[in-house]
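Reader: I would like to go through the terms used for this structure and hear what each one rests on. Please set the values against the cut-offs.

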Amino acid sequence: MQPTSPWRLPAFRVLFSATALSQLGTNVSYVAVPLVAVAALDATPGQVGALATLGTLAFLLIGLPAGAWVDRMRQRRLLIAADLARAALFASVPLAWWLDALTLGQLYAVVLLSGCAAVFFDVGSQSVLPQLVDRAALVQANAAVVSLQAAANVAGRGAGGGLVQLLTAPVAVACAAGAHLASALQLLAVRHQEAAPRPTGTAGLRAQITEGLRHVLGNPELRALALTAALGNLGSQIVNTMLPLLFVRELGLPAGVLGLYWGAGGLGLLLGARCARPLAARLGHGRTLAVAGLALAPAALLVPLIGRGAWLWLAGAGWVLAMFKTGTDNVLGVSLRQRMTPDDLLGRMNATFRFLLTGALAVGAALSGVLGELVGVRGTLWVGAVVIALAFLPVFLSPVRSRRDLPAPEPTVEVSPPVRRCAPRA
């Protein structure tokens, strides 16, 4: 191993294993919850779209202030609380189903509140990582985490589809709850001494949020990364929201096939994440991001051709290639933005990205539901595929394309002690 390898650090290994369990729960619920709505509650396309929207709406509602809150908190405790909350929420679904009391209203509440917990878990985990590993090891650490997320897509979504097919969708949701509980228990083993949250001086919440937004949107490279990722999420969510209806109702395929299809996308993410470092070493950091988008993003146009037989395989290949590009983006883009951000802004930077990226998921889910009612499932898939195919353009047309290496780490800005003055400017 390299001297700076994150695998030499026990705290990173514990965080990695806890994240694996949490990602498993997230991906099982991703498959199982909409199938509960479709199979057990006979949900319409609009209701499935609303369910997907509520699952990501929390990032629009509290995503930006969450970054400022995370910068003020002990992040390990925050991650544990978020996992425990999701375990309790998902456990309520099979319980209500067993009591014959499950409703769409309860599913709406569960996905909205679990989305709030996910906000804090995602922002907190991305912010704590640079504290656990040396900045020189960030690309390797991020490659490991993104590979984990991709593997969880393969295992979690594949397992989710299989569990739904074998044990029913509500029981699969119970398994997701168990995975989140196990993640919380694992995080108790982290022995890393967290630094105390930095004082915020006289800056209020609004001023801190504005600082995070200015840091991301005022930098042309960070802005391009955010726009490309947001467009990719928008298109992917438009497609993914309609897939349960396409597979189960229109094509008459079992839930396990849907899980395998989503799992194939996870395999693409995994391969892209694993190839990101060697590609960046050969082509350069920015050129890899640009070339991967130009060469692979248009493969998403094969997805709307999905059908039985060979058409399923062709559409699956297009989805794998598009997700390969996303996996590469995730490793290199996250590493770049972490290296361009001082420690005391990490929470707000990550929250700004999560607000934009997951906000795009919420918009994509709502738009998918509306389009599904107006132009049908197939038409909706074409809209989403076109958005994915063009999402690489902001990075391709930005200064990121010419960046060879990661920048030197940004220095941490020391906060001055509080002084008496007029009300702070927002």
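Reader: Why is D83 called buried?

Author: This is a predicted model, and every value comes from its atoms. D83 has a relative accessible area of 0%. Buried means under 20%, so D83 is buried.

Reader: What makes the contact between R86 and D83 a salt bridge?

Author: The distance from N to O between the side chains of R86 and D83 is 3.2 Å. The cut-off is within 4 Å, for a side-chain nitrogen of Lys or Arg and a carboxyl oxygen of Asp or Glu. The pair therefore qualifies as a salt bridge.

Reader: Where do R86 and D83 lie?

Author: Both are in helix α3 (residues 75-98), three residues apart, which is about one turn of the helix. An α-helix has 3.6 residues a turn, so residues three or four places apart point the same way.

Reader: Is R86 buried or exposed?

Author: R86 is at 4% relative accessibility, so R86 counts as buried.

Reader: How many salt bridges does a search of the whole structure find?

Author: The search finds three. One of them joins D329 and K325, whose closest N and O atoms are 2.9 Å apart. Both residues lie in helix α11 (residues 310-339), four residues apart, about one turn of the helix.

Reader: Why are D329 and K325 called buried?

Author: The limit for buried is under 20% relative accessible area. D329 has 15%, so D329 is buried. K325 is at 7% and therefore counts as buried.

Reader: What is the distance, N to O, in the salt bridge of R403 and E221?

Author: The side chains of R403 and E221 meet at 2.8 Å, N to O. This pair links distant parts of the chain, with R403 in the segment after α13 (393-396) and E221 in helix α8 (residues 220-250), 182 residues apart. E221 has a relative accessible area of 11%, so E221 is buried.

Reader: Why is A50 called partly exposed?

Author: Partly exposed covers the values between the limit for buried, under 20%, and the limit for exposed, over 50%. A50 has a relative accessible area of 29%, so A50 is partly exposed. A50 sits in helix α2 (residues 45-71). The C-alpha atoms of A50 and V370 are separated by 9.3 Å, although the two residues are 320 apart along the chain.

Reader: What makes L113 partly exposed?

Author: L113 is at 45% relative accessibility, so L113 counts as partly exposed. This residue is found in helix α4 (residues 104-132). L113 and T56 are 57 residues apart in sequence, and their C-alpha atoms are 9.8 Å apart in space.

Reader: Why are α10 and α11 called roughly antiparallel?

Author: The axes of helix α10 (residues 285-296) and α11 come within 10 Å and cross at roughly 160 degrees. Angles over 145 degrees count as roughly antiparallel, so α10 and α11 are roughly antiparallel to each other. Their crossing is left-handed.

Reader: How do you know that α11 and α12 are roughly antiparallel?

Author: α11 and α12 pack at an angle of about 160 degrees, with their axes 12 Å apart. The limit is over 145 degrees, so α11 and α12 are roughly antiparallel to each other. The crossing of α11 and α12 is right-handed.

Reader: At what angle do α9 and α10 pack?

Author: Helix α9 (residues 255-283) and α10 pack at about 110 degrees, with their axes 7 Å apart. That makes α9 roughly perpendicular to α10, because the range for that term is 65 to 115 degrees. α9 passes α10 in a right-handed crossing.

Reader: How do you know that the span of α1 agrees with what its residues should give?

Author: Helix α1 (residues 10-40) has 31 residues, which should span 45 Å at 1.5 Å a residue. The end C-alpha atoms of α1 are 44 Å apart, which agrees. There is still a kink of about 30 degrees in α1, centred on S29. D42, which follows α1, has a positive phi, near 55 degrees.

Terms used:
Residues numbered from 1 in each chain as written. Predicted model: local features only at pLDDT ≥ 70, side-chain atom pairs only at ≥ 80, totals over all residues. Heavy atoms only, no water. Helix = DSSP H or I, 4+ residues; strand = E, 2+ residues; numbered from the N terminus. Buried < 20%, exposed > 50% of the residue type's maximum accessible area, 1.4 Å probe, protein only. Axes fitted to C-alpha atoms, helices over the stretch in contact; angles between N-to-C directions. Parallel < 35°, antiparallel > 145°, perpendicular 65-115°, else oblique. Left-handed = near helix turned anticlockwise from the far one by under 90°. Expected span 1.5 Å × (residues − 1). Bend = angle between axes of the 7 residues up to and from the residue.
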